[in-house]
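Dear colleague,

I am handing over the structure that we spoke about, and below it I have set out what was found. Please read the notes alongside the coordinates.

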Amino acid sequence: MKSFFIKKILYKYSRKLLINYNSHYEQEIKDNLLSCGSGVSIGLPVFVSGHKQISLGKNVSINAFVHIWGQGGVTIGDDCLIASHVTITSLTHNPKSRKFGDESIGKAITIGANVWIGTHAMILPGVTIGNNVIIGAGSLVNKDLASNAAYAGTPAKKLYDLSQFKDGE
C-alpha cells in the first residue's frame, strides 16, 4: 500500500515538472523567432532550427513532432493549423556541389493565412502556399499552391476549389 502512494505522489509531481518544462520551452521557442504573433500554440516536442529566419502570424497552431528548418526563411500567416509530423524545410543541399554536404542552399517558404497542413506533409524549399488552402495528409509540396483550394498527393495536386463552399456548409 505504501508503494502505491509513493508512485502516485511521484507521478503527480513529475507530471507537474514536465508541464512546467514544456511551457517554458514553448515560450523560449517563441521568444527566439524573428516574429511571433499572439495566440500561437506549439505542441512539444518540436524541432526548430534557424529561429531568427522564422515568422509566425497570429493564432498559429503547431502540433507535436513538427520539424522546421528555417535557415532559408519561413513565413507562416495567421490562423494556420500544422498537424503533427509535418516537415517544413527551407534548406537543401547543392546538387551541383562536388560533395553534396559541402554547400547548403536556402530558399524561402511562404505559407499564407488560414492554411491547414495535414499530418506527415512535407513542404520543400522555395514554395509559396496561398491563403485558404488545405494540404492533405502525407502530401509532398514541391511547387507553389494557389489560394482557395484543397491539395493532396505526392506531388501535391489540386483536388477542388474551396471557394465553392460558403461558411458553415
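What is the order of the strands in the open sheet? The open sheet has 7 strands in the order S2-S5-S8-S13-S16-S18-S19, with mixed pairing, where strands pair if DSSP finds at least two bridges between them. Its edge strands, each pairing on one side only, are S2 (41-42) and S19 (157-161). Within the sheet, strand S8 (residues 81-82) runs parallel to strand S13 (residues 115-117) and is joined to it by 2 bridges; Trp116 in S13 is the bridge partner of Leu81.

This is a predicted model, in which local features need pLDDT of at least 70 and side-chain atom pairs count only at pLDDT 80 or more, while totals for chains, interfaces and linings use all residues. Residues are numbered from 1 along each chain as its sequence is written, and side-chain values use heavy atoms, with hydrogens and water left out.

The chain contains 1 helix and 19 strands, taken as DSSP runs (H or I of at least four residues for helices, E of at least two for strands) numbered from the N terminus. Of its 169 residues, 34% are buried (under 20% relative accessible area, with exposed over 50% and partly exposed in between, using a 1.4 Å probe and protein chains only).

A search of the whole structure finds 1 aromatic pair, formed by Phe47 and Trp69, which is tilted, at 5.3 Å centre to centre with 50° between the planes. (Rings of Phe, Tyr and Trp, the last by its six-membered ring, pair if their centres lie within 6.5 Å; planes under 30 degrees apart count as stacked, over 60 as edge-to-face and the rest as tilted.) Phe47 lies in strand S3 (residues 47-49) and Trp69 in strand S6 (residues 67-69), so the pair ties together parts that are 22 residues apart in sequence. Phe47 is partly exposed at 34% relative accessible area, and Trp69 is also partly exposed, at 28%.
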